[in-house]
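Please find below my notes on this model, arranged as numbered points.

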Amino acid sequence: MTLALHNTMSRTVEPFRPLVPGRVTFYACGPTVYNYAHIGNFRTFLFEDLLHRWLVASGLEVFYIMNLTDVDDKTIKGAGAAGTPLREHVTQFIDAFHADRRYLRIRDASVYPRATEFIQPMIALVASLIDKGVAYRSEDGSVYFAIGKFPAYGRLSRLDTRELLAGASERVSTDEYAKDDARDFVLWKAARPEDEAVGAAWDAPFGRGRPGWHLECSAMALALIGEKFGVDVLDIHAGGVDLIFPHHEDEIAQSCAHTGQGEFARFWLHGEFMTLGGTKMSKRYGNFLTARDLAENGMDPGAVRLLVYNTHYRQALDWSDEALGHARVGSRRLGEFRDRVRAAPKGAESGALIEAIEAFRRDFKLALDDDLNSPRALAALFGLAREANRALDAGDHVGDNLLSCISLAEDVLDVFPTGTARLTGQSTVDDELTEEAPADRESRSAWAVGWAGRRFQARLARDYAEADRIRAMLESAGFEVRDTRDGVEVVARRQDG
Ligand SMILES: [Zn+2]
């Protein structure tokens, strides 16, 4: 194992060795489901997707947890304004999050725990912290973590006491109740009428209330890895840089004070911001672009991924239409290369081609093993395309080696344009597609494949009414319709019974 990752805890790139050889527990802070996630959030999720995919491609078994924060000030406020129970209110944003990440080809995590489904482990964690004397109940019924009782506080963020105080007081507006120390953070918030109104309050031995945001992640991570593997330390914990303080610092304090372990995660990985015209992208500043804006404008997810992976995850990325335009051209070039390789005559690869393939395999692995250096991995891929195109121009044949390079790149970076070769290969020209299925078998299949392509386009554009209409049409013509990650497949139902 030669993978090395930058650990925020040590501020250095360290060789990555999981606690148990061959198996990785990986926790990433997921979205707060009160709104549509913006593309800056998705930059972080794409960095985590790359990490997830590279760990898997490196032969590791990965237990990947991404939580959904469905109870906090913002979700409660949204539910209250809509006059809907919290659980019902957030469903639309959870669905949207999954639709958006699927559009961006972000692979499924192993689990997506919802905070409201882990209230009991959260209550148990608070009770344990009170027992251990590191948490206290204040006059208003809320429970706080006593930072003064946890000497290791501040190790991850490396902030001194004065900075910690400044950071804490900046955030008091929503969390301010009676605290012993201004740095203390809330574990459990006493129930308010607005929480009760939307069903966001639970009974606990220390008083009726709801969990604080920091507590959610600790409780869910510990519950899940404890239940599955009997451990209480994560291999990797990831998130955006804005979560280092106070969120991750607080997660460490709660978790370690409870488990007695010296660490909560062995590696802390943080992705940098995405900026739009040089300003941090945030809902607060109103300059956000959502994944659905991109999907609605017909932007190919391969181009979005290429744009994101062109910058190392620890460097700020400035989003611009120009950069997206370049990424679109780059992704199309790779798509043409892929289609050309798949269509080329098969046979033994020449010496020059084998050399290019070996250089790609070596450079690609070296790049990603070096703290996920995706810009270098992309350069290796474009280098392969250049060399292999030259070899194909000279009449070279394509063998399994070159095909497996393309599969590897698809598996890990996935920056190729949406795969429609399978669909368009045998379809009739788009505008010749009739609503009525042709009678003869041959043109009937081509007709179905053509409509499958249109259903896929409709899904990408979120025109679900059109997608449904097409499905019904295909089904009544005797085809089974299957939606896959990168296309729509149609299979003729057996007519002869
Ligand atoms: Zn978290």
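1. Is Leu381 buried or exposed? With a relative accessible area of 0%, Leu381 is buried, where buried means under 20% relative accessible area, exposed over 50% and partly exposed in between, computed with a 1.4 Å probe on protein chains only. Leu381 is found in helix α14; helices here are DSSP runs (H or I, at least four residues) numbered from the N terminus.

2. On provenance, this is a predicted model, in which local features need pLDDT of at least 70 and side-chain atom pairs count only at pLDDT 80 or more, whereas totals for chains, interfaces and linings use all residues. Residues are numbered from 1 along each chain as its sequence is written, and side-chain values use heavy atoms, with hydrogens and water left out.

3. Leaving aside neighbours within four places in sequence, Leu381 is in contact (heavy atoms within 4.5 Å) with Leu334, Phe360, Ala409, Leu413, Val415 and Phe416. By C-alpha positions, Leu381 and Val449 are 31 Å apart in space and 68 residues apart in sequence.

4. The zinc ion has as protein donors Cys29 (SG), Cys217 (SG), His247 (NE2) and Glu251 (OE), at 2.0 to 2.3 Å. Donors are N, O and S atoms within 2.8 Å of the metal (3.2 Å for Na, K and Ca), and since water is not among the atoms, sites may look incomplete. The spacing of the donor residues in sequence is C-x187-C-x29-H-x3-E. Cys217 lies in helix α8 (residues 213-229) and His247 in helix α9 (residues 244-259), so this pair ties together parts that are 30 residues apart in sequence. Cys217 counts as buried at 1% relative accessibility, and His247 counts as buried at 1%.

5. Helix α8 is largely enclosed by the rest of the structure, because 12 of its 17 residues are buried, among them His214, Glu216 and Phe229. Gly230, which follows α8, has a positive phi, near 70°.

Conventions: Helix = DSSP H or I, 4+ residues; strand = E, 2+ residues; numbered from the N terminus.
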